[in-house]
Amino acid sequence: MIIGRWEWRAFGGGANAAQRHFDDLTPDSVEDSDETYLLSVGRDASVKVREGLLDVKRLVQVSEEGLEQWMPIAKDSFPVAASRLGAGLAELGVEIPLAREAYTLAELLEEVVTPRPDLATVDVHKTRRRFTVGGCMAELTDALVDGRELRTVAVESEDHDRVLATLRELELRPRPNVSVPRALKRLLKLGPRRAGVIDAGTNSVKFLLAETAGGGTWRELVDRSEVTRLGEGLAGSGRLEPEPMARTIEAIAAMADGARLQGADEIAAVGTAGLRAATNSADFLAAVSRRCGIELEVISGEEEARLSYLAATSDLGTVEGSLLVFETGGGSTQFTFGRGARIDDRFSVDVGAVRYTEHFGLDGAVDENGLAEALDAIADDLRLLDDRATPDGVVAMGGAVTNLAAVEHGLVTYDPNVVRGTELTVKQLDRLIERFRTRSADERRGIVGLQPKRAEVILAGACIVRTVLEKLRCESLTASDRGLRHRLLVERFGS
């Protein structure tokens, strides 16, 4: 009976990090081999030729922890019968009429693989050093691929939990699990490439996963946010508190692991206002690095504004006249003035929903006087807008705006296509503010369209949005569900 083996593999940095664990060990064996991999755009099955044999393995399942179970299904000598070859090609996701009863290797490559644009071959020379660690087979491999050197480390066993224990012993988690076919496809740029972006804000963490779609475009696979309130208590102490840090780190870890499990080649992560302001942000960044295996970069308010503006305008099409794009978050609001793709001015102001919520008690019902005090404070902090000319158009971004639009539409399930382009007028904002003002956080959570975790901060967010329009003497704005993450994806990973 053939039993599939659970495997975990890393390339590059993950492999190098494991080197020190093997330095004091004597290999069970050292083996050199020359192999030819058959690669498919559509599938990640392992189909290779080694020592005159066609070797085919099927990916059976992926566990919640990211381990992959591979099952050997064929190992045939050449010439290979057409029926057996057809089964191997099916694993690669292709169906090809086979004219011969059996194929030599040369015939397979010349007649079957070469004419297909969705198939490719690559020759790989491997030097494997195999060890036994924790009852598992651990393998450190140096490979020469298309003139480039790759180092990879693998751990495998029929016992799933034993592999996990060995990974912990080798300190290899949370590196992404990347199979050899997937790594070779990335190296050769065969098929779509995936990348992830994480934006750690003062109130929420946003996550975007996308893959290349041809023509210099990206196709979004996942675009979501999670409210973690990283900046909770920051206004009073100037420091990030332990509990908000812990829940934000767990959210980032889940997003990073999700990106890796779904095949992201790279992950870019940035932090914004809360991390700019906190005196202990370095502690948070170090903890993210340890727990998540990624380096989070704190960007300036001006850079945040620039990325947000370009993200919004790229989604608007042609816009006539002057334009303001602003994004209000938990810790700050970014303003960018321009015309089309041209940026004329940009700046960031420490005006965010979390601070006003905490200072004026806006997380629950407040009387009219309490609301007026909050609005006056916001207006004073936005005095940089007092002398600005009224723009021809205003586009607003961020969780407050998208939630306001979702409530206005009464969306039971959030739909970005409905929210995007929604016009919100001053009268609508006044009506929404009154609706939130008269309700507790629990009562707000019953409002259709409002994300439950935003119930505490939505009133402050709406007040900020309303004040911006008043300062600029504008009657309405256009909502955008874009964010800096969408522009960062293009700038970090290409278009």
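1. A cavity here is a set of points, on a 1 Å grid over the protein atoms alone, where a 1.4 Å probe fits but cannot get out, and its lining residues have an atom within 4 Å of a point. The model is predicted: local features need pLDDT of at least 70, side-chain atom pairs count only at pLDDT 80 or more, and totals for chains, interfaces and linings use all residues. Residues are numbered from 1 along each chain as its sequence is written, and side-chain values use heavy atoms, with hydrogens and water left out.

2. The structure has 2 cavities of 30 Å³ or more; a volume is the space filled by probe spheres set on the points, which are joined across faces, edges and corners.

3. The largest cavity has a volume of about 250 Å³. Its lining comprises 24 residues, and Ser 204, Lys 206, Thr 328, Gly 329 and Gly 330 lie nearest the centre. At least two lining residues come from each of strand S12 (204–214), strand S16 (323–328), helix H13 (399–409) and helix H17 (458–471). Helices (H or I, at least four residues) and strands (E, at least two) are DSSP runs, numbered from the N terminus.

4. By class, this lining of the largest cavity holds 14 polar, 5 nonpolar and 5 charged residues. Ala, Val, Leu, Ile, Met, Phe, Trp, Tyr, Cys and Pro count as nonpolar, Asp, Glu, Lys and Arg as charged, and the others, Gly among them, as polar.

5. Residues lining it include Arg 9, Phe 11, Lys 126 and Thr 141. Strand S9 gives the most to this lining, with 3 residues. The lining of the second largest cavity divides into 7 nonpolar, 2 polar and 2 charged residues.

Definitions and conventions
On a 1 Å grid over the protein atoms alone, a cavity is a set of points where a 1.4 Å probe fits but cannot get out, and a pocket is an open set with protein on both sides within 12 Å along at least five of seven lines; lining residues have an atom within 4 Å of a point.
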